[in-house]
Amino acid sequence: MTTPATASSRRPLWARVPVVSHLRQSVGLQRGMLVVGLVLTGLFLLTALLAPVLAPYGFAQLRGPDGAFGATQPPSAEHLLGTTQGGFDVLSRLIWGSRTALLVIVVAVVASILIGVALGLVAGYFGGWLDRVLVVIADAIYAFPSLLLAIVLAIVISGGQSSMWGGILAAALSITVIFIPQYLRVTRAEVIRVKSEAFVESARVVGASHVRIMTRHVLRNSTRTLPLILTLNASEAILTLAGLGFLGFGIEPTAAAEWGYDLNKAVADVSSGVWWTAVFPGTAIVLVVLGLTLVGESLNDLSDPRLRKRAAGEEPAEELLDPGVDPAPAVVSKETVA
Amino acid sequence: MTEIVDIRDLAVTFATDHGPVRAVDGVSLAVHPGEVLAVVGESGSGKTVTAKSILGLLPETATVRGAVVVRGRDDAAAGGGASAGGGDVVPMSASRLRQLRGRDAAMVFQEPSTSLNPVFTVGWQIAEGLRAHGRLSKQEARDKAIDIMRRVGIPDPETRVDHYPHQFSGGQKQRIVIAQALALDPGVIVADEPTTALDVTVQAEILDLLRRCRDEFGAAIVLITHNMGVVADLADRVAVMYQGKLVEQAPVRELFANPQEPYTRQLLAAVPRIGEGLARAEERASRRPAGWEDQAPVVAARDLRIVYPGRFRQPDFVAVDGVSFAIRPGEVLGLVGESGSGKTTIGRAMAGLTRVSGGSFEVLGVEMAGARERDIRPIRPRIGFVFQDPATSFNPLLTIAQCVAEPLVVNGRFGSAEDARARVDELLEAVQLPASYGDRYPHELSGGQRQRASLARALALDPELLIADEPTSALDVSVQARVLDLFDELHRELGFAALFISHDLAVVDMLADRIAVLHRGRLVEEGTGAEVLGAPSDAYTQRLLASLPVPDPVEQAERRAQWEALRG
């Protein structure tokens, strides 16, 4: 990830990491949104990482020391959130499910960034027929309902079998295909903008090769918006995964826990008054998506100086005149005095 | 009569990412009815912020202290205080500010092409201000719009009132923006660099119109500008600002004749004047060895033609049409022209950034017409290029040293930017930058420092030919003077041939051995500085020269009369 060019190079490295620098800049409601988003996302990450410690039972566990859990048991001391129709512990499925979701997000986002950015860079930099072909393909993918595409790909990739990694890869890669056009488009637009900047022309005048211009001058200046799409896409990835699971193209309950699958199985329960099998996985999806979206939207607003709110300026005070406080006029004065 | 605008001890602080920044610091100013007050200063001096505070147009990140009292025209004439019409703008509510804007004070912006809404007719946009301040029928508003357009000199206003902004030229657009400001007959018009985005010949027309705003409409004008020529032409009184403070305030003739403050003196001395370059050119000529004139030229253009292909079903655009010139070794050719004259296109074609469509263009022995990237690459190290805008010509993620080292690394002189550091330090020293600046990032340098670093980069490979595309047009006057001096000094030491592109005749005059004047893609005149500027033979060159305001109010008054005769 790149650091924003506006950040002073003198600030410590940790303060220039995207999310941290955004948090330091934010005030008021924007800060509140970002903090809520970060807390929700943090909870999600922690749950996923510590699943084996947090979950009372395994995700495919049907019986404890006292025998079978029993189907559709209401919440109790043994099963804090009750059990499902299939006899699984809801809380455990919920916790283990975060792990699946995280893996899918990571694989999907990493794969689509790598491919999308590379294609966008080439398309934007060289233009011409290559650019046109890639953009037409991207547009064609846009035209498909994304879930339909994901279903087709899930069938192609996993071929119906559903081991944990098979299922995760199928879900992740089908999401990847939907996301590549987004990264391609965003990177391409940025590359086209950066390409016409004077510093790229100056590299051309100097005689730099295309590869050098692309990697050294264009690429790093074109990736500034990616952290924003990344968070927004992560939430979309969860929704697609849940949708796949809900429609029955997800992962078998014995291979891994998956919220969408649990929701699917809970459909019948709702009408018979069994609320706990649907509400909790549903809430989990909503909260994670909300958290990631809040982070993404806040980053989007904070990265744009026109949208960013700032703390109201202090009443003009005399110490502001100290040139040490404000570096800009000091530089100017050197220029004019010398 | 009292002041129409009274600014008392104004201080403005902006909240930024790097903490509060004081933009204006204790400024007290008064504008009398019917006078032109010029606020002069470099970028960052707080002149725009001061002027915007008159209309309460500061962003919400600004904290304002002090008082800005704006009086309506009638109040000021009656000698009354801040009554119902005007008042202190600083604590004013949004709805009262809306009443005040347009009626008591109006604004003219710098860039006429962006300050008009492209999807509405200009008549509608002028009428919008009228409707906001009173009940007017559609027909009345339209009649008033036509009337005001006629008064600002738009020909055939009855038809033009229904045209859209893109159907007007830049100068006409600025006239319409001024018409918008004049629509409600405000007591004061704030004009923020009203002519900076315009060509010299158009600038002269707009200045003439602003003078009429004062004389015929009786409006006071707060003119914000960095151009001392414009000040000399138009202003009655001048306020000089520096780093948010008011440095000096005086009537225009007094200020130019007898500046009190050292900063004002320095500012005035930095303004390039036509005729200064003559001595330099003679001195350069005397240093040249015998037989220099017969040397083979570094650059030779014959009937050069550059065409931009038209878009779908549009005719091609001929940017450069049948231009011939030559640059001999060590010679500086100044290329002058207004926007759209093709001067930048020629410079870009010379560096192989734009394709040549016809004629012959020989650069360092390579024919650029029909040349491929492979043919151009060998001569690239022998050409240096200085770009117009120092803010964008550096990769923001690389340090200055890495940027300056780039040509050395790309051309294999050094393995990496670190290896090249010794040479980079030498180069930075040559352009009078401390070697430690190499570790800074481009945004940490001021415009002038960046342009000097840009010069260092262009000279890194010791080029035989340097192309400078408006290298100083983005800089303040005093900074520009230093960059031009540096350019001259380096040229004396290194002896490169150069193409110096500029829209400013005075700047070109300072540096160039010969001057070529371009007009709409054609070369209208070429010769030494003395020939072209001293005794221009072409009508366009004459007009260009007469339009250029000189930074001396007395002389400018004479020149204005001359210009009016030429126009008449």
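Two exercises with worked solutions follow. The model is predicted, so local features need pLDDT of at least 70 and side-chain atom pairs count only at pLDDT 80 or more, while totals for chains, interfaces and linings use all residues. Residues are numbered from 1 along each chain as its sequence is written, and chains are lettered from A and ligands numbered from 1 in the order in which they are written.

**Exercise 1.** Find which residues of helix α17 of chain B are buried and which are exposed.

Solution. 
Step 1. Locate the helix (a DSSP run of H or I, at least four residues, numbered from the N terminus): α17 of chain B covers residues 421-430.
Step 2. Apply the burial test: a residue is buried if 20 or more other C-beta atoms, placed from the backbone, lie within 10 Å of its own, exposed if 12 or fewer, and partly exposed in between. Val424(B), Leu427(B) and Leu428(B) are buried.
Step 3. Look down the axis of α17(B): the buried residues fall within an arc of 100 degrees (taken from the directions from the helix axis to the C-beta atoms), so they line one face of the helix.
Step 4. Turn to the other side of α17(B), where Ala422(B), Glu426(B) and Glu429(B) are exposed.
Step 5. Check the cover: α16 (400-410) and α18 (447-459) of chain B are among what covers the buried residues of α17(B).

**Exercise 2.** State how chain B is divided into domains and how far apart their C-alpha centres lie.

Solution. 
Step 1. Read the bounds, which come from an automatic or database domain assignment: domain 1 is 107-185 and domain 2 is 277-547.
Step 2. Take the C-alpha centres of the two domains of chain B: they lie 40 Å apart.

Key: Helices (H or I, at least four residues) and strands (E, at least two) are DSSP runs, numbered from the N terminus. Two residues are in contact if their C-beta atoms, placed from the backbone, lie within 7 Å.
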